[in-house]
Amino acid sequence: MSERKMITAALPYANGPVHIGHLAGVYIPADVYARFQRKMGRDVAFICGSDEHGIPITIRAKKEGITPQDVVDKYHEIIKKSFEDLGISFDEYSRTTSKKHYETASEFFLKMYENGKFTEEVSEQFYDEQAGEFLADRYIVGTCPKCSNENAYGDQCEKCGATLSPTELIHPKSMLSGNVPTLKLTKNWYLPLNEYENFLNEWIIEGHKEDWKPNVYGQVKSWLNDGLKPRAMTRDLNWGVPVPLPDADGKVLYVWFDAPIGYISFTKEWAEKNGKDWKDYWQNENSDLIHFIGKDNIVFHCIIFPAMMKAHGDYIMPKNVPAFEFLNLENDKISTSRNWAVWAHEYVEDFPNQQDVLRYALLSSAPETKDNNFTWKDFQTKNNSELVGIFGNFINRVAVLTNKYYEGIVPQYHDFEQVDKDLYSELKQFPEKIGKNLEEFRFRDALAELMNLARLGNKYLADEEPWKVIKDNPERVKTQMFCALQVAAALAYFSEPFLPFTAEKMKKGLHLEDKKWNEVFDHFLIPVGHKIDSMPLLFSKIEDETIEAQIQKLENTKINNKKTNPNANPMKEEIQFDDFTKIDLRTATILEAEKVEKADKLLKLKVDTGVDVRTVVSGIAESFTPEEIIGKQVMILLNLAPRKIRGIESQGMLLLTTKPDGKLSFVTPEDKVENGVEIG
């Protein structure tokens, strides 16, 4: 195992915010691992950044009527701030539109080109005649040939996970126009992946059968068993890193060639700022390269990117690629298009100063080996029963009793009884228990061990009952509290990778110095005579109404997803049939119209209802002039109770709708009828 760790986290697309699925499946586990490695005293580079050249960027730009640069500028800042707010401790968080990235990606491509690693191929590719452009893989949808999903993309089916080429789709159509695309000849540069099959088989299938996660190993093995094909590393697009060749106008680097090189370019940016040599992390066999990704990115990080690095010739291969499965939300697949998600930036707003609660909840249900599920009720239970009831309760009791009995001074212990020795012996096993799980990417097990440490402390206090013993044996209580304080300090140290904000509060309250993970027990963690402060409550109970508000937010999302008109207001409160029969709607004709003095929006109308001629005051002056509505046949709510508006008694209400431009429009009969005809 190397003392240098090059840790990457999958680059999020800058076409929208990050949600809990991203956090649970990539960023929080990666952060825990990076923080742990730093605590072990290792040389860590933890690198990430926004992927700003993907097709989802251009799709979002077209949808919003803005430029791709506008899109990435907006979402890069939102994503970056969300990571900062949740304590994701990247050493560098950059973006693929940076100058350094353009230089690095271009140099990488040119070296491979000059070394003859690409093949030039003229092929037929889908072209949208109406839009006048070649279609990137993600601009083509159709039926997956493997699972019959009718909404598969031209590069991947998100239902079965199959990686596809656009020509494999059944019934393909363009996402730009909805038309069936045509095939048109174009030249691109291909990486012959088939030439790297032997290398990939030897490196992964023979070399990592025992230490890689089964989901990663199995997917790669399946790919290699099916045989690899050449894959285009350039695309006919106008958004991305331009292909650095003289005969490549209108072509950019394929996003899955460009994006992973971002790990390298961002490392260069970080190294320049910190007086480091980036090559130590990427081109030195004494460096462990670890990629944290979701399962949909396995093929790119375990087949395409390693083949690229092998073809380039100067780079090390990943030591491990701990890919996670997917996290569902309330028993439904998280979907950005349906807004079925808990967004990171909204969580921070709705739950201020409770970042660690989300980190804990997501880690404890992390989809390590299979898809898992997040529910708000489970989130509440984890907070109230575990963080408040176990972890926070123990720390609070220790701090309160120490300040109550000894004014915050760590007491002088006396003879250790067997229960004290057993406690300390068990306590010293936790660095290895937690650390071994983290080294092997078992984050849920590692977190469970941390909570077992809190349970150990709680059990010790519950069994020893210092609040009772103090009356008859105060000297014994000094030893009990000394021992309990050691557990509290251990929790402060070992919770740091998982709950960094909480750990910082504990270290501050206990006045603890930083220590390396394996040096925590060189001496007692808190010596006799050490002064601690009163400790603020680490966690607060989350009430039912708070959780119900979040559940209702999701219910509102379901309602909005059913709308055929996204601008339609929600349905009003349900009424009974008898209520409806009371409404008297009639046809009527406007006889006279004039403006109401000192009221810009109001017109005073004389209306023939067929029953009578009556006065109606209506707020329509900004949409109609008096002259244009005289003689207009309309619909009127006849039996609405009269009310005075600007001193004029209004005897009814006209039926109107609002047009897209904000102007009002009358609801009128299709054909002219007599006044007073009932409607309904």
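User: Okay, the radius of gyration is taken over C-alpha atoms, and the globule rule is 2.2 Å times the number of residues to the power 0.38. What radius of gyration does the chain have?

Analyst: The chain has 33 Å, while a compact globule of 680 residues would have one near 26 Å. This is a predicted model, where local features need pLDDT of at least 70 and side-chain atom pairs count only at pLDDT 80 or more, while totals for chains, interfaces and linings use all residues. Residues are numbered from 1 along each chain as its sequence is written, and side-chain values use heavy atoms, leaving out hydrogens and water.

User: Thanks! What does the C-alpha trace span along its principal axes?

Analyst: About 100 × 80 × 45 Å.

User: And which domains is the chain divided into?

Analyst: There are domain 1 (4-116 + 192-328), domain 2 (119-191), domain 3 (390-531) and domain 4 (580-678). Those bounds come from an automatic or database domain assignment. The centres of domain 2 and domain 3, taken over C-alpha atoms, are separated by 59 Å.

User: How many helices and strands are there?

Analyst: The chain has 21 helices and 27 strands. Both are DSSP runs numbered from the N terminus: helices are H or I with at least four residues, strands are E with at least two.

User: Switching topic: where is Thr96?

Analyst: Thr96 is in the loop between β3 (92-95) and α4 (99-114).

User: Is Thr96 buried or exposed, and why?

Analyst: Thr96 counts as buried because its relative accessibility is 0%. Buried means under 20% relative accessible area, exposed over 50%, and partly exposed in between, using a 1.4 Å probe and protein chains only.

User: What does its side chain reach?

Analyst: The side chain of Thr96 reaches the backbone nitrogen of Glu52 at 2.8 Å. Leaving aside neighbours within four places in sequence, Thr96 is in contact (heavy atoms within 4.5 Å) with several residues, including Leu11, Ser50, His101 and Asp258.

User: How about Asn297, where is that?

Analyst: Asn297 is in the loop between β13 (287-294) and α9 (298-312). With a relative accessible area of 15%, Asn297 is buried too. Beyond its neighbours within four places in sequence, Asn297 is in contact with Ala10 and Trp256.

User: Last one: what does UniProt list for residues 12-22?

Analyst: The unreviewed UniProt entry lists them as a short sequence motif, the 'HIGH' region. UniProt positions are given in the numbering used here, feature names are shortened, and annotations may be inferred rather than shown by experiment. In the model, the end C-alpha atoms of residues 12-22 lie 8 Å apart, and the span is 27% helix and 0% strand.

Methods:
Polar contact = N/O pair within 3.5 Å; in protein donor to acceptor, adjacent residues only side chain to side chain.
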